Amino acid sequence: MAKLVDADGFRTYIRDGWGEWDNSVDLPDGTAEAAAAHRARLTAALPGKRIALAAGRAHVRSNDTFHEFRADSDFVWLTGCQVEGAVLVLTDDDATLFVPVPSETHSVDFFGDADRSPFWIGAAAGPKEWGAALGITARPIEDLANALRGRHPETLVAKGLDPVLDALTGSHSDELRTVLSELRRIKDDWEIDQLRQAVDASVKGFADVAMELGQAVRGGGERWLQGTFDRRARTEGKGPGYTSIVAAGAHAPVLHWTRCDGRVNDSDLLLLDAGVEMNSLYTADVTRTFPVSGEFSEPQRKVYDLVLKSHVAALAEVRPGNDYSAFHHTAMRVLAEGLHDWGLLPVSVDKALDPSGQHHRRYIVCGTGHFLGLDVHDCADARQETYQQGILERGMALTVEPGLYFHPNDETLPPELRGIGVRIEDDLVVTSTGADVLSDSLPIDADDVAAWVRKQRS
């Protein structure tokens, strides 16, 4: 069979008769100004350096299909741009964004490139539009090689994102990622507003899920509830900020229950860990655990109240000047004391809390919080002394999320506690005097949680 590309009639006829494409750039208000301020912070931290960072490429899912593209978070922080294949080159006094140019109608790529042509994937902005939208010098990606030629005292490159950039530079810098992570620890007002919007959208998603509990019990199960939240995430923002965890009954103790393929019963607790990612890529990360029926059983309430006690105590530790780890240690002490009172620890509380003990961690292997921002686990390349071993500062955004996870086959537990998992997670921003709990419109007190479920289900 002859290839379509070989048909002279087709090649001639498809070239003409096209109007203008809508190549406009739609960005959240303040994106350009925030990105420019972020670039200034980076060049001040790395004076005299040339920096090259790529947006990245979509990963192959199978054969000629790809996973949805998500731009590198550091690149987005510095540019506000989310174009696949784009590259930023930054020096003390210059910033240039190199962007792929959409195929033009007279080129073979216009009808032949199913991955990038506007004919196949829709209109896309080029250098002119991105430059105007972001107030930055923007050039075709084909100019990148020339821009990186010549001598420069030092070029810092984040390697592994784009094969073209890797080939042109031949080096990479762990320092660049570390500096960016540590700068991103402190959120500006624009970033905090994006996080607030992400949390507010997530609160709507949690209410949506609670309203659909009846359908989940009737047969939709965890999948129905996952789809419910994810639909809200796609409507309010770009989508879920991470794979939603919808864990009912005996699945709730499974820390990374992302299969979400189980049944939901009226007698279950439902652990919902989910967050909306806004179009800016800032994401929420909220968890609530609630009784599907709207009423806790006595064992469920017992576990929930202990987790709540640890959560409230941990929240009180989030304030400027305090050790980052203070909320973690406080939460762990409350949990260890409760577990000891229930006769579940083989040693004293102090022995359990000793670094050589940690017996209580059988029931909470995970940590109790993390930085939050463009990534759900934000600033992951920061040094320990500026993260877990650091000090809380105004503008830091983080989660607090203690929990207890009693697996159904854990024979150290009394039968009535087996299969119960509870986590409570809030999103916070450190203020000048304490912390602003962005997610406090969702209830955490057990009676309030139960009443909230009953209201949503009705």
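Buried here means under 20% relative accessible area, exposed means over 50%, and partly exposed sits in between (1.4 Å probe, protein chains only). This is a predicted model, so local features need pLDDT of at least 70 and side-chain atom pairs count only at pLDDT 80 or more, while totals for chains, interfaces and linings use all residues. Residues are numbered from 1 along each chain as its sequence is written, and side-chain values use heavy atoms, with hydrogens and water left out.

**View 1. Arg-184 and Asp-74 meet in a salt bridge.** A salt bridge is a side-chain nitrogen of Lys or Arg within 4 Å of a carboxyl oxygen of Asp or Glu; by that rule the count is 29. For this pair, the N to O distance is 2.6 Å. Helices (H or I, at least four residues) and strands (E, at least two) are DSSP runs, numbered from the N terminus. Both Arg-184 and Asp-74 are buried.

**View 2. Glu-182 pairs with Arg-383.** The closest N and O atoms of this salt bridge are 2.7 Å apart. Here helix H9 supplies Glu-182, while Arg-383 sits in the loop between strand S13 (369-371) and strand S14 (397-400), 201 residues apart. Glu-182 counts as buried because its relative accessibility is 14%; Arg-383, at 42%, counts as partly exposed.

**View 3. Arg-362 and Asp-410 join two loops.** Their side chains form a salt bridge at 2.8 Å, N to O. Arg-362 lies in the loop between helix H14 (349-353) and S13, and Asp-410 in the one between strand S15 (403-406) and strand S16 (420-423), 48 residues apart. With a relative accessible area of 7%, Asp-410 is buried, whereas Arg-362 is partly exposed at 48%.

**View 4. Salt bridges with shared partners build one network.** Its members are Arg-70, Asp-72, Asp-74, Arg-177, Arg-184, Lys-187, Glu-277, Asp-375 and Asp-378.

**View 5. Helix H2 packs with helix H9.** H2 (residues 31-45) and H9 (residues 174-184) have axes 11 Å apart and an angle of about 125 degrees. Axes are lines fitted to C-alpha atoms, for helices over the stretch in contact, and angles run from 0 to 180 degrees between N-to-C directions.
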